[in-house]
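My entries follow in the order in which I made them.

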Amino acid sequence: MTGAEQVEMTVLTDIVREAARRYMFDTVAAHRIQVKGLGDFVSEVDSDIQKYIHRELAERYPGIQFLGEEDGQQNVDFDGTYWVLDPVDGTSNLIHGVKHSAISLALMTGTTGEKAVVYQPYLDEMFTAERGKGAHLNNKPIHVSMTGDMGMALIAVGTSPYHREMAGPNFTIIREVFERCADIRRSGSAALDMAWVAAGRYDAYFEGRVKLWDCAAGRLLVEEAGGKTVSWAGEPLGNAMESSIVTGTPEIVNQLQQYFLDEVDSADASSVESFPRG
């Protein structure tokens, strides 16, 4: 039995739900923050959730490596089996009292997603996926939308806020898409954007640079819900620590790539695709 095969989804959802119950609603801890960079924060809630989930996973599955956003826990063998955790995806939302943040946990083997949990505690929405078993929201199957017409598409966007040097090409693309789709949304949580794509609420989501912990769980959710996820160059994301991303219904993803994403300046796009791991 491999590391992935021994993991039970109910164990993961129980751990994640308990972590949220213990720490996510602590508004005092949410305001104890450290500034990592412009617009890049870590709160005490992030650290507490990561420590709790890491401890619980290590106790139950000691043979599986752990990669988390915080505390420098990012040294794993990417050819093996490993957890990928974002303890709070949407930390800025959390700090400002915007109740749109999530715990994102994925289990990967090499470049392949095996299991995924994205939990939005404020709405008690538990998005889950297992490879080959579909995607679910609170145990009910979900599927990407049937939208194939760009003019009817509601598209989530990310602004790569930690890479302000990309603002020019990013907002050029966002404007191009906005002028041709039904409307755009910017939520501040890549994991929830992808979960909402999987549930058919958004038709697509794209961003110039996202970290592995932002998208590892969401990618499997979308894939198991019948959608497509690739880099802006149309390549699989693999397990690169940072990459561009476009995900959604296959038709809308193809249109975004063909008509919009290739308009990004080649130098900027190249820097995204070649960003080193770690």
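**Salt bridges**

I began with glutamate 18, which is partly exposed at a relative accessible area of 22% (buried means under 20%, exposed over 50%, and partly exposed in between, with a 1.4 Å probe and protein chains only). The model is a predicted one, in which local features need pLDDT of at least 70 and side-chain atom pairs count only at pLDDT 80 or more, while totals for chains, interfaces and linings use all residues. Residues are numbered from 1 along each chain as its sequence is written, and side-chain values use heavy atoms, with hydrogens and water left out.

I found glutamate 18 in a salt bridge with arginine 22, their closest N and O atoms lying 2.9 Å apart (a salt bridge is a side-chain nitrogen of Lys or Arg within 4 Å of a carboxyl oxygen of Asp or Glu).

I then looked up lysine 115 and glutamate 130, whose side chains meet at 2.6 Å, N to O. This pair links strand 6 to strand 7 across 15 residues; lysine 115 is buried at 8% relative accessibility, and glutamate 130 is buried at 18%.

Glutamate 165 and arginine 209 also form a salt bridge, at 3.9 Å from N to O.

**Nonpolar core**

The largest nonpolar core holds 40 residues, and Val84, Val118, Phe127, Tyr205 and Leu221 have the most contacts inside it (such a core is a set of buried Ala, Val, Leu, Ile, Met, Phe, Trp, Tyr and Cys residues joined through side-chain atoms within 4.5 Å). I also recorded a second, separate core of 30 residues, which includes Ala4, Val11, Ile64 and Leu85.

**Cavity**

How much space lies in the largest cavity? I noted about 30 Å³ (on a 1 Å grid over the protein atoms alone, a cavity is a set of points where a 1.4 Å probe fits but cannot get out, and lining residues have an atom within 4 Å of a point; the volume is the space filled by probe spheres set on the points, which are joined across faces, edges and corners). Its lining includes Lys211, Cys215 and Arg219, and helix 7 gives the most to that lining, with three residues.

Terms used:
1 Å grid on protein atoms, 1.4 Å probe; cavity = no way out; pocket = protein on both sides within 12 Å on 5 of 7 lines; lining within 4 Å. Helix = DSSP H or I, 4+ residues; strand = E, 2+ residues; numbered from the N terminus.
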